[in-house]
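Dear colleague,

I am passing on the structure below, together with some notes on what turned up in it. Please look it over when you have a moment.

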Amino acid sequence: MNKNISNDDEIYSVEPDDAEDSYAKELSIEPTSAVDEKIKPADSPRPKTFHSKRAVRSDENFDAPKIKRSLSHAEASGVVISAVMLIYSVAEFDKPLFFLSTALLTFLLRPLIGALFGKHNRAVQNALHSFSVVLFIGALIMLFL
């Protein structure tokens with residue numbers, strides 16, 4: 001780029017309108033400065049509104065997530081095994097096994113327990129999940145003390 005150019009007219013030039021230009025006739029471009037009578041500015045400024053990122057959709061096509069009501073075969077087997085472990089731990093006075101089996105039982109039964117609380121289902125399931133994880137970690141700590 002030439003740094004010695006002092007006249008801005010040489011850098012930026014505007015070509016004159018050519019009414020005989022066939023390309024411009026085909027496009028039939030109207031100037032952007034034309035004011036449309038249909039568009040009118042608002043009488044008063046619009047108030048600032050804030051919308052949640054997780055807004056509830058109100059359209060009819062939105063399907064609510066289906067709540068799982070029954071346990072699968074593997075989950076039912078886990079519930080039976082953890083119940084047997086719980087009974088064995090009570091009979092043998094084994095505290096770490098008691099807390100471990102309680103944590104597993106709580107984790108596996110949380111969909112059924114959460115369904116009892118209706119609209120608070122998700123919150124109850126999250127609380128039970130956290131409780132079971134903390135109980136499991138406590139059982140591991142208790143095992144090695």
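The notes below go from the overall fold to a few side chains.

This is a predicted model, in which local features need pLDDT of at least 70 and side-chain atom pairs count only at pLDDT 80 or more, while totals for chains, interfaces and linings use all residues. Residues are numbered from 1 along each chain as its sequence is written, and side-chain values use heavy atoms, with hydrogens and water left out.

The protein has five helices and zero strands (DSSP runs, H or I of at least four residues for helices and E of at least two for strands, numbered from the N terminus). Of its 145 residues, 15% are buried (under 20% relative accessible area, with exposed over 50% and partly exposed in between, using a 1.4 Å probe and protein chains only).

Ser101, which belongs to helix H4 (residues 95–115), is buried at 0% relative accessibility. Neighbours within four places in sequence aside, Ser101 is in contact with Ser82, Met85, Leu86 and Ser89, contact meaning heavy atoms within 4.5 Å.

A search of the whole structure gives one aromatic pair, formed by Phe98 and Phe99, edge-to-face at 5.5 Å centre to centre with 70° between the planes (ring centres of Phe, Tyr and Trp, the last by its six-membered ring, within 6.5 Å; planes under 30 degrees apart are stacked, over 60 edge-to-face, the rest tilted). Phe98 is partly exposed at 32% relative accessibility, and Phe99 is partly exposed at 28%.

Best regards
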